[in-house]
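Here are some friendly notes to read alongside the model. Please keep the structure open and find each part as you go.

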Amino acid sequence: MIEFDPAPQFQEFANPERLVSAPWLSARLGVQGLRVIEVDEDALLYDIGHLPTATRINFQSELLSPLTRDVISAEEFAELMRSKGIKRDDTVVIYGDKNNWWAAFALWVFCLYGHPDVRLLDGGRDAWMSEERDTSYMVPEFPVSDYPVPELNETPLRVFVDELRDGSLTLVDTRPADEFAGKPTETSIKGDSQYGTTIRHGHIPGAINLTWNVSVYPNGVFRNVEQLRETYSQLDAKKSIALYSHLGAQAAHTWFVLKFLLGFEDARVYDGSWAEWGNMVRMPIEL
């Protein structure tokens with residue numbers, strides 16, 4: 001395990017060890033036992049320059065099952081780790097575009113399978129590039145690892161649609177306000193969204209709208225703890241909270257904030273999200 005980032009801006013967070021800063025990471029690139037993973041919405045970004053030593057994981061083809069619309073199985077996760085040369089005791093730092101949307105989702109998947117040490121680069125790809133830090137076109141090669149098949153521990157991290165029916169969970173919709181209000185986007189009207197078409201527009205009854213990006217500054221790094229506490233002050237840190245978005249990426253970003261930065265006791269991701277709820281027969285919605 002690599003030492004934690006002692007950056008002062010992280011120390012008031014509930015779990016500061018889950019974040020690394022760009023200066024900390026830049027000084028340690030290439031250290032044995034440290035693996036850097038890029039996970040983007042736009043998978044082509046990796047090809048036009050990435051962090052030196054970084055390996056790409058494609059969320060759509062490598063983290064999600066095309067047959068079950070589920071995350072990959074434990075056996076598939078182990079095989080993915082082996083093929084990327086990642087060992088069970090490696091410190092994994094994940095980053096990506098869109099201020100870490102899918103990077104946060106990837107970190108959530110790593111947590112589902114109990115990887116001991118997985119962290120997020122504060123600000124993600126955009127912050128790194130805006131600081132004009134070193135980039136590389138070289139695709140690193142690592143020997144195949146012996147990553148063991150892990151146990152799936154989704155109960156404390158994940159919510160399924162049946163658990164939302166009884167109204168016992170506090171629901172947080174992390175999508176933009178227009179989507180929450182049921183205003184269809186241009187791509188959804190045309191039916192050519194890369195996420196596919198959702199037949200209905202609106203939100204799950206009783207949900208609170210807290211758009212995912214209220215947690216970050218314009219440069220993508222997380223706001224300080226006092227600002228985050230104010231932003232999420234309407235939520236009770238001791239109650240069970242379910243977060244959703246369209247496919248789960250934005251929800252995972254807010255889950256990271258609530259769980260690791262603010263220390264909420266029971267924050268979970270409903271990764272079925274609006275793509276599932278909005279297309280299900282006899283499911284109520286609100287506008």
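Which residue of strand 10 is the bridge partner of Leu171? Keep that in mind until point 3.

1. **What you are looking at.** This is a predicted model, in which local features need pLDDT of at least 70 and side-chain atom pairs count only at pLDDT 80 or more, while totals for chains, interfaces and linings use all residues. Residues are numbered from 1 along each chain as its sequence is written, and side-chain values use heavy atoms, with hydrogens and water left out.

2. **Domains.** The domain assignment gives domain 1 (8-131) and domain 2 (161-278); such bounds come from an automatic or database domain assignment. The UniProt record, an unreviewed entry, carries the annotation "domain: Rhodanese" over residues 30-137 and 165-286. UniProt positions are given here in the numbering of this model, with feature names shortened, and annotations may be inferred rather than shown by experiment. Over residues 30-137, the chain is 32% helix and 19% strand, and its end C-alpha atoms are 15 Å apart. Helices (H or I, at least four residues) and strands (E, at least two) are DSSP runs, numbered from the N terminus.

3. Four strands form an open sheet in the order 9-8-10-11, with parallel pairing. Strand 9 (208-209) and strand 11 (266-269) are the edge strands, each pairing on one side only. Two strands count as paired if DSSP finds at least two bridges between them. Strand 8 (residues 170-173) is joined to strand 9 by two bridges: Val172 has Ile208 as its bridge partner, and Asp173 has Asn209. Strand 8 also pairs with strand 10 (residues 240-244), in the parallel sense, over four bridges. Here is the reply to the opening question: the partner of Leu171 in strand 10 is Ala242.

4. **A closer look at Asp266.** Find Asp266 in strand 11. The side chain of Asp266 makes a polar contact with the side chain of Ser240 (2.5 Å). A polar contact is a pair of N or O atoms within 3.5 Å; within protein, one must be able to donate a hydrogen and the other to accept it, and residues adjacent in sequence count only if both atoms are side-chain atoms. Leaving out residues up to four places away in sequence, Asp266 touches Pro156, Ala237, Lys239, Ser240 and Ile241, where contact means heavy atoms within 4.5 Å.

5. Two bridges pair strand 1 with strand 7 (residues 118-121), and Leu19 has Leu120 as its bridge partner in strand 7.

6. The C-alpha centres of domain 1 and domain 2 lie 21 Å apart. The contact takes 22 residues from domain 1 and 32 residues from domain 2. About 2300 Å² is buried between them, with carbon and sulfur atoms giving 65%; buried area is the accessible area (1.4 Å probe) that two parts lose on being put together, summed over both. Helix 4 (residues 101-112) gives the largest share of the domain 1 side, seven residues. Five residue pairs are in polar contact across this interface (both at pLDDT 80 or more), but zero salt bridges are found there.

7. **Salt bridges.** A salt bridge is a side-chain nitrogen of Lys or Arg within 4 Å of a carboxyl oxygen of Asp or Glu, and the count comes to 17. One of them joins Arg28 to Glu3, with the closest N and O atoms 2.7 Å apart. Arg28 lies in the loop between helix 1 (22-26) and strand 2 (34-38), and Glu3 in the segment before strand 1 (19-20), so the pair ties together parts that are 25 residues apart in sequence.
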